Amino acid sequence: MVLFIMAAASGTGKSTLARRLLAAEPRLRLSVSHTTRRPRPGETEGVEYHFVDRAQFEARIAEGAFAEWAEYAGNLYGTAHAEIARTRDAGGDLLFDVEVVGAAALKRAYPDAVSVFVLPPTMAELERRLRGRGTESEEVVARRLAAARRELGSAETFDHLVVNDDVERAADDLRAILRAAGLRTASRRALLDRLRATV
Ligand code: 5GP
């Protein structure tokens with residue numbers, strides 16, 4: 001089982017890349033996080049997230065239900081241990097679409113996980129994308145840019161860096177990383193056990 005951690009500086013197009021990767025890789029499933037953020041139009045309970053209120057989320061923290069959790073833009077987000085156990089039992093690989101603090105915590109808890117940080121091609125392009133999102137005020141754009149710079153500061157702690165210049169190219173890079181991770185000796189225990197059991 002490959003645990004595939006994806007993080008990025010905000011505005012880098014990580015969600016689009018994650019969706020493409022999931023569509024292209026049938027063995028890969030999204031780790032459905034818990035969040036206190038309200039569902040956006042088109043989001044469904046249990047598909048993008050498990051939507052809970054703050055009290056429910058805090059109760060889960062107290063129970064020790066989360067492998068990691070973090071606060072992002074005023075909302076809580078967390079990965080339940082149960083998500084990881086479910087994939088371990090069912091087989092397949094698991095994608096974590098998380099912010100940088102959660103990515104670091106997951107990597108500490110699961111050192112065999114492969115972690116990828118998605119970079120913008122340039123800071124000017126990132127600023128253009130942040131502005132292009134809609135009718136954001138200068139203040140909001142400046143806050144997002146500052147957050148992106150902070151997030152970029154942790155890039156060295158990731159196993160791989162993928163530049164989202166061309167979406168096809170970046171999605172291809174992610175697939176290459178996932179494929180290589182699946183071929184690591186540590187990911188192939190079952191194969192070795194099967195072969196050895198027959199001699
Ligand atoms: P959004 O609200 O746009 O869906 O997500 C905001 C940020 O929270 C994104 O960077 C997303 O990757 C991150 N995120 C989503 N789920 C989790 C989680 O379970 N843990 C952590 N640490 N971050 C998460």
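Four strands form an open sheet whose order is β4-β3-β6-β5 and whose pairing is mixed; helices (H or I, at least four residues) and strands (E, at least two) are DSSP runs, numbered from the N terminus, and two strands pair if DSSP finds at least two bridges between them. This is a predicted model, in which local features need pLDDT of at least 70 and side-chain atom pairs count only at pLDDT 80 or more, while totals for chains, interfaces and linings use all residues. Residues are numbered from 1 along each chain as its sequence is written, and side-chain values use heavy atoms, with hydrogens and water left out.

Strand β3 (residues 33-35) runs parallel to β4 and is joined to β4 by three bridges, and here Thr-35 stands opposite Phe-51 in β4. Helix α2 (residues 54-63) packs on this sheet, where α2 touches β3, β5 and β6 (75-80), and its direction makes about 140 degrees with that of β5; contact means heavy atoms within 4.5 Å. Helix α3 (residues 81-90) also packs on the sheet, touching β4, β5 and β6, with a direction about 35 degrees from that of β6.

The two ends of α2 can be looked at in turn. At its start, a side-chain oxygen of Asp-53 reaches to within 3.2 Å of the backbone nitrogen of Ala-55, whereas α2 is followed by Gly-64, whose phi is positive, near 75 degrees.

Which order do the strands of the open sheet of five follow? The order is β2-β7-β1-β8-β9, with parallel pairing. Strands β2 (28-30) and β9 (160-163) stand at the edges with a single partner strand each, so one side of each is left without a neighbour in the sheet. Here, too, neighbouring strands are turned by 25 degrees against each other on average, direction ignored. Four bridges join β8 (residues 114-119) to β9, and these two strands run parallel; Val-118 stands opposite Val-162 in β9. Helix α3 packs on this sheet, touching β2 and β7 (93-97), and its direction makes about 155 degrees with that of β7.

Now turn to helices that pack against each other. Two packed helices are described by the angle between their axes and the distance between the axes. The axes of helix α1 (residues 14-24) and helix α7 (residues 167-182) come within 10 Å and cross at roughly 55 degrees. The two helices α1 and α7 are therefore oblique to each other, since angles under 35 degrees count as roughly parallel, over 145 as roughly antiparallel, 65 to 115 as roughly perpendicular and the rest as oblique. In their contact, Leu-17, Arg-20, Leu-21 and Ala-24 in α1 meet residues of α7 including Val-167, Glu-168 and Leu-174.

Helix α5 (residues 123-132) and helix α6 (residues 138-152) pack at an angle of about 135 degrees, with their axes 10 Å apart, which makes α5 oblique to α6. Among the residues that make the contact are Met-123, Leu-126 and Leu-130 of α5, together with Val-141, Leu-145 and Arg-149 of α6.

Key. Axes fitted to C-alpha atoms, helices over the stretch in contact; angles between N-to-C directions. Polar contact = N/O pair within 3.5 Å; in protein donor to acceptor, adjacent residues only side chain to side chain.
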